[in-house]
Amino acid sequence: MSRLDHTFENLRRGGRRGLVTFTTAGDPDLPRSADILRVLDRSGADVLEVGVPFSDPLADGPVIQRASERALRAGATLTRVLDLVEAVRPEIAAGIVLFTYANPILRMGMTPFVERAAAAGVDGVLALDLPIEEAGAFREATTAAGIDPIFLLSPTTTDARIRRAAELGRGFLYGISRLGVTGARDAIAEGAEALVARIRRATDLPIALGFGISRPEHVAAVGRWADAAVVGSALIEVIARASSERLLDEVARYVRWLGGDAAAGVPSGTVPATAGER
Amino acid sequence: MTVPSFGRRDPDARGYFGEYGGRFVPETLVAPVEELEQAYREARADPAFTADLEVLLRRYVGRPTPVYEATRLRAALAPEAGPGGVARIFLKREDLAHTGAHKINNALGQALLAVRMGKRRVVAETGAGQHGVATATACALLGLGCEVYMGADDMRRQALNVYRMRLLGAAVSQVDAGSRTLKDAINEAMRDWVTNVEDTYYLLGSVLGPHPYPLMVREFQSVIGREARTQLDELAGRAPDVVVACVGGGSNALGIFDGFVDDAGVRLVGVEAGGEALVAGRHAARFATGVAGVLQGTRSYLLQDLDGNIEPTHSVSAGLDYAAVGPEHAWLRDLGRAEYASASDEEALAAFRLLARTEGILPALESAHAVSHACRLAQELGRDRIIAVNLSGRGDKDVDAIRTREEAER
């Protein structure tokens, strides 16, 4: 059983829904990025998605594009992201999933990548532009290294491909709540519930639903259908807006607020209605 | 290569030319791309579709475009040539097609396909602006909505084409991300498509992107090669010894190569942008320093750094200023069927001036790269040889940029 299997098993046993956070590694810089991951873990995130910055993030909206640019300027590369994961792994209980475009992995080489990722303590990898048809070598290499390959499913995905992804995927399946790029929205897309229902019919794998989630009521709504909600762009906006001194406090407060901790209060100046979706 | 799924020289069922190509798209685009492939497959087999396109190409675009022998260009090369003399040079005049470049062949083909698929809105990317102008034109003709994404740097370099697109009723959206050139415009067009897939058709302008685009765009451009072959038979009495074309994504090159690829006696030469120097960030010669990788839906040669990020590129010509090359070119190169050279910014500008003064033709700066290399080859090969050059576009769009450059040099 992988760490991600345990995480979702424990959630189910406890009757809880999970919170998955997405941050771009190296934003605003590598040391603070490591601090942010520690704080996310301590503040209640169940799975940490760690974005590998890429020069051409064509599936991402403006918020994550800007985060990628900041991270690349700060010197983040796939190698350094793996170093960062290795450094924080012993202090973190949450599962760690790398979220990346294919080319950095292919440049490193599939085998060196999975060996390095496994050694660093990466639990799962999601490659945005490796749909199941192109993911053969990726899936073989990751599973052989004990890493869960995570696949995305979208409202445009056919039932046949959902079944195929359910056969090939491990850890959990990532449902995209709407068409389009990453970025927060005011409300959860209509159709998100229907997508989760279609996935449920095909598999027992846990389902995380993302794209457009930024507020506690979104997280709560998603929790009625899916096993976990993913918050990305909105969190990245919190990071981008916070002052250096307040950065970790703001991150902690935002995540506790998302999780329904009323004592956390509404974070100051956060949760813009137009933040990111991932 | 596995068995082709369509016809002659087609990629396999997964869209691979050898180990290049494929369909590396975010999940949301898988179904739309499959729908597109199915629609294209049906249209390609439908004589009515082909007939509609042929009528437009003849009556609206002005095809066939002529082939013209550049005798004064040849004479001007003689003083620097050896005793063997200079090869004959024939120009395939795609610059004379409506809108001023070969791009209209593909834009009309895909716009007809969009209509057939019931899509009412078209998005496109453009570098030099020629594909954007061709797409805006096709959309005006067929009554489709049109939005063109263009990098901020390219909008400055090709201001005339920006205005042309707007006159044609298209919305031109400035892209400020990344290198602010063609690559970033493609990212933005794909983001639009993934958001609006239900009513929107993505009209990609070169032999790039996920399957079936590389195949489909080549097929819409292959009219260039079919015509050139017949025309050269009539004019020169035989096939050329060498066919030369510039390669950005590579659609004009595959279009003319297609007429000659089965004839092993014809050398196929693609010319990339050598820029200022073959140093990272200062050129766009993918085959000179690139490594295979995945960008924007396809696996091909890429200018990338050791970490797999895409390197900035440079070329005096916006249409060649791109970090990847069409997957079929990568395959043809690995097979040894086509060869790839580069011409620098200065060489292309010199060829531009030479063609203007000897033949009264202002070529697009992209096409001037092909002219430059053809001149070099003509001097090497000698008088008994025949070279065909795809003059893929006209240079009006570049006049302002060249003037600015010349004034700065003074």
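Student: How many residues of chain B are in contact with chain A, and how many of chain A with chain B?
Tutor: This is a predicted model, so keep that in mind throughout. In it, 29 residues of chain B are in contact with 32 residues of chain A.

Student: Which elements of chain B give two or more residues to the side that touches chain A?
Tutor: They are β2, α1 (27-44), α8 and β11 (291-295) of chain B. α8(B) has the largest share of that side, six residues.

Student: And how do the residues on that side of chain B divide into nonpolar, polar and charged?
Tutor: On the side of chain B that touches chain A, 13 are nonpolar, 10 polar and six charged.

Student: OK, chain B by itself. What does the domain assignment give?
Tutor: The assignment for chain B gives domain 1 as 17-59 + 103-218 and domain 2 as 62-100 + 222-409. The C-alpha centres of domain 1 and domain 2 of chain B lie 23 Å apart.

Student: How many residues does the contact take from each domain of chain B?
Tutor: It takes 41 residues from domain 1 of chain B and 40 residues from domain 2 of chain B.

Student: Which element gives the most on the domain 1 side?
Tutor: β2(B), with five residues on the side of domain 1 of chain B that touches domain 2 of chain B. Elements that give two or more residues there also include α5 (130-142), α7 (159-167) and α8 (182-195) of chain B. By class, that side of domain 1 has 19 nonpolar, 15 polar and seven charged residues.

Student: Helices next. At what angle do α2 and α4 of chain B pack?
Tutor: Helix α2 (residues 47-61) and helix α4 (residues 103-116) of chain B pack at about 140°, and their axes are 10 Å apart. That angle makes α2(B) oblique to α4(B). The crossing of α2(B) past α4(B) is right-handed.

Student: Which residues make the contact?
Tutor: From α2(B) there are B:F49, B:D52, B:L53, B:L56, B:L57 and B:V61. From α4(B) there are B:I104, B:N105, B:L108, B:G109, B:L112 and B:R116. Eight residues in the contact of α2(B) with α4(B) are nonpolar, two are polar and two are charged.

Student: What about α5 and α7 of chain B, at what angle do they pack?
Tutor: α5(B) and α7(B) pack at about 10°, with axes 9 Å apart. That makes α5(B) roughly parallel to α7(B). The contact is made by B:Q130, B:G132, B:V133 and B:A136 of α5(B) with B:N161, B:R164 and B:M165 of α7(B). Those residues divide into three nonpolar, three polar and one charged.

Student: Still in chain B, in what order do the strands of the six-stranded sheet come?
Tutor: The order in this open sheet of chain B is β3-β4-β14-β9-β10-β13, and the pairing is mixed. β3 (67-69) and β13 (338-344) of chain B are at the edges with a single partner strand each, so one side of each has no neighbour in the sheet. From one strand to the next, the twist averages 25°.

Student: In what sense do β3 and β4 of chain B pair?
Tutor: Antiparallel, over three bridges, with β4(B) covering residues 88-93. B:Y68 has B:L91 in β4(B) as its bridge partner.

Student: Which strands does helix α15 of chain B lie across?
Tutor: Helix α15 (residues 365-381) of chain B lies across β4, β9 (242-246), β10 (267-275), β13 and β14 (386-391) of chain B. α15 runs at about 150° to β9(B).

Student: Over to chain A. How many strands form its open sheet?
Tutor: Nine, in the order β5-β4-β3-β2-β1-β9-β8-β7-β6 (chain A), with parallel pairing. The edge strands are β5 (148-149) and β6 (151-153) of chain A, and each pairs on one side only.

Student: How many bridges join β2 to β3 in chain A?
Tutor: Five bridges join strand β2 (residues 47-51) to strand β3 (residues 95-100) of chain A. A:E49 stands opposite A:V97 in β3(A).

Student: Last one: how do α3 and α11 of chain A cross, left-handed or right-handed?
Tutor: Left-handed. The axes of α3 (residues 62-73) and α11 (residues 233-241) of chain A come within 9 Å and cross at roughly 50°, which makes α3(A) oblique to α11(A). A:V63, A:I64 and A:A67 in α3(A) meet A:S233, A:I236 and A:E237 in α11(A).

Key: Residues are numbered from 1 along each chain as its sequence is written. Chains are lettered from A and ligands numbered from 1 in the order in which they are written. This is a predicted model: local features need pLDDT of at least 70, side-chain atom pairs count only at pLDDT 80 or more; totals for chains, interfaces and linings use all residues. Axes are lines fitted to C-alpha atoms, for helices over the stretch in contact, and angles run from 0 to 180 degrees between N-to-C directions. Helices (H or I, at least four residues) and strands (E, at least two) are DSSP runs, numbered from the N terminus. Angles under 35 degrees count as roughly parallel, over 145 as roughly antiparallel, 65 to 115 as roughly perpendicular and the rest as oblique. A crossing is left-handed if the near helix is turned anticlockwise from the far one by less than a right angle, and right-handed if clockwise. Two residues are in contact if their C-beta atoms, placed from the backbone, lie within 7 Å. Ala, Val, Leu, Ile, Met, Phe, Trp, Tyr, Cys and Pro count as nonpolar, Asp, Glu, Lys and Arg as charged, and the others, Gly among them, as polar. Two strands pair if DSSP finds at least two bridges between them. Domain bounds come from an automatic or database domain assignment.
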